[in-house]
Structure formats: C-alpha cells, structure tokens
Amino acid sequence: MTQSSAKRPLRAIIVGAGIGGLAAAIALRQRGFEVEIFERSAKLEEAGAGLQIGPNGVKVLRALGLEDELMRNAFEPLSIMSVTWDEGRLRFRQPLKAMTREKYGAPYLSAHRIDLHNMLRGAIGDTPLTLGANCVGADTVNGTAVARFAGGATAEGDIVIGADGIRSAIRAQYFGDGHPLFTEMMAWRAIVPMDCVPTRIGPGGEVAVPHGEYFGWIGPNGHVICYPIGAKGDKLNIFGGHVTDQWVEESWSVPSSREELIAAKTGWNEALLEMFRHVEHVYKWGIYDRDPLPQWTRGRVTLLGDAAHPTMPTLAQGANMAIEDGYVLARLLARHTGDVETALLAYPVERKPRTDWVTLKSREQFANNRKDSPPPFVDRTWLFVNDVVNGQEALQPV
C-alpha cells in the first residue's frame, strides 16, 4: 500500500463527462473514492436522440441505485420486429417485454440520450465538474497521475481515466493508432411524435405495428431502426442508416433535412417515407469505429468507453459497454486497494473479451444487413445474461 493511499481515499481524474465518464464517477463515489471530472465542451449536453439500454446495462444502473429513476424516464418496447424495405412485409417478430426480465434478469429499455445523461448528471451529486477543459494528454509522474489541458492547466490524482471519446487525446498520446475508421455507413437521426407513426403497414395493411413496438426496415443500401422513447413512449426515435463511401465530414454530427433523408430512401415503403415527412429536426453522422486495442492502460492512466473501444451501433451496445466499463473499473480499484497499477492492468484483461466481441460482431451485423437475404440477427444472449456486477464479464460467448 502506498503512503498516499493509506492516508486518504483514492482520487480519480475523469476526462470526459459523457455517459461513460459519469457512470464511472458514480461507481467510484459509491466506493468512497474522490472524483473530479473535466469536460472539453463549454456546455454540458448530450448530442443525439435515442439509445437502447440492454439488460446488461440496466443491471449496472440497478447496482448504482438508479433503476427506479431509469424506469421513470425510459420505455420498455413490447417486441422487436423486422420488415422488408419495399413492401413492408413482416420478416420476423420476437417478444421483448414479455421475456427479457425472466430470461436475462432485467428489462430491455429505450430512452432519449438526454434523459439518461441528465439522470447520470444528477447522480454525481456535488462531484467537481469543470467545463471548457480541453485535455491534451496525461502522464504518470513519480507515482502520481497528471492530466494536462490546453492553456497549461493540470489536474493530479491517483488515476486519470480517459473517457474522452473516439478521438481521445489520451488514446492518441499512448497508442497513436491514427484516425478512426470510417465504416462506410452514415446515418440520419430524428424523432417524430408517435401519433405520426402508422399502426398497419404492408400490402393491404397486413402487418400490425402497435405503438410501443421496436421495428426495423432492412434494405439494399442501408437500414432504418425505429423505437419508442420517452417515459410514455410518445415519441419515435429514427436511425436511418445509409451505406456510402462518400462521407468526408470530420464533425460528429451535421445538420440535415427531411428532404435529404427522404431522397436517400427513394423507393422504400411509402409508410416509412410518410413518417419521414413529419420529421422537423434531423442530423446526420458518419459512423466510425476502431480495431480493438491490445491494451488500454499505461502507468496510472487508462481508457474507458469510446476512447478504448468505439464500435458501430448495429448491436446497440456502445453506451452499455461504457456503463459496464465504469462499474468494473471501480470494483477493481476497490478490490486492489492501494495498488492502483495492478487494478488498472486487471481492468482491460476483464473487459477486452467482451468489448472486442462487441466491436467485431457489430461489424459482422452491419455486413449481414447489406446482404440480399440478411441472416438472423447476431445472438446477444451472452451479452444480456452475463452480469458484470457479479464479475461475470470475462465469460466467453458460447
């Protein structure tokens, strides 16, 4: 045990106040650690629209004491269904709400990203949070972790956690793996009121789509995923994926228009296009990921979430993996009290089998979606059944 850790609680510097950084802060504080957060944005807000919180993510939020609040702000879809892009015929329908709690031990939820972020912000309590702090790197100096910021400011602690996203300055400093990889997919994100969503589609309206369903359209040049968000499921989140090699924007999001969205899906089912005509605000993203890293830790500096393992959204696990990361890291630091280096080396050993699987299977799912006859969806049972709260994250998929 080091002298500093014997006299006071461990102090963690978290770079990034996104979902992963905030979840890590809550888990660390739950164990009595001191935490300070630094965020490069001048205003604390989450971009984007909806996200999916799998049973694996819900289990962690439950352990953080947030399940009741989560359930008040999220929605539990009735089932998941897939329809053909042109005629709107049913490909498959599987129950969600009726079976996920029993099979996986927690519900499958959909939520507005802002609602989840606000919930996590509230849960960090009086944790110091500095905005407009652009981290340019981090170092281990004489057993102390030091985060460096533009303008010359620094912050010291026992550990620096880089939760600063896919273009992480800390990742670039230590692992230098170049620019993120464009996946040949970009996507429009939008929200429409649920009363603009059809309840019957397909030839003669043969396919019922009750409000509360999660439904996807798989087509030749992309896919469109739709699911309810909001406490009452009164809004529909739309993710309009489009296969292209032409994306050149460096920005994470770019304002777009419903006319552009409609034009990109010309020839798709009219019920879908009619839904698009009710879109008011729409943004488009280039979808990037990176190859799995062999290691995330150097000295007393480590990575978390998209900084460590950015992934395509095709398995809807990005936010879930970041939430899991924060919990596992806090648990390991508590387990190896006074031995930060050992905890930080054990952290990627536990996490990488899981996050590597998600990265590679997300790519596989994207490739499957592009096939003329898409095969069944990648089986996520292993992800949902295992419980990182109980230390099961290292188990391999069957």
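Trainee: Which residues touch the most other members of the largest nonpolar core?

Mentor: In soluble globular proteins, nonpolar side chains tend to be buried together. A nonpolar core here is a set of buried Ala, Val, Leu, Ile, Met, Phe, Trp, Tyr and Cys residues joined through side-chain atoms within 4.5 Å, where buried means under 20% relative accessible area with a 1.4 Å probe, protein chains only. In the largest core, of 71 residues, Leu61 and Leu333 touch the most other members. Apart from it lies another core, of 32 residues, including Trp247 and Val254. Do keep in mind that this is a predicted model, where local features need pLDDT of at least 70, side-chain atom pairs count only at pLDDT 80 or more, and totals for chains, interfaces and linings use all residues. Residues are numbered from 1 along each chain as its sequence is written, and side-chain values use heavy atoms, leaving out hydrogens and water.

Trainee: How should I read an aromatic pair, and what is the one between Phe38 and Phe149 like?

Mentor: A pair of aromatic rings is described by the distance of the centres and the angle of the planes. Rings of Phe, Tyr and Trp (its six-membered ring) pair if their centres lie within 6.5 Å; planes under 30 degrees apart are stacked, over 60 edge-to-face, the rest tilted. Phe38 and Phe149 are tilted, at 4.8 Å centre to centre and 35° between the planes. Phe38 belongs to strand E2 and Phe149 to strand E9, so this pair ties together parts 111 residues apart in sequence; strands are DSSP runs of at least two residues, numbered from the N terminus.

Trainee: Are Trp296 and Tyr347 buried or exposed?

Mentor: Both Trp296 and Tyr347 are buried.

Note on methods: Buried < 20%, exposed > 50% of the residue type's maximum accessible area, 1.4 Å probe, protein only. Helix = DSSP H or I, 4+ residues; strand = E, 2+ residues; numbered from the N terminus.
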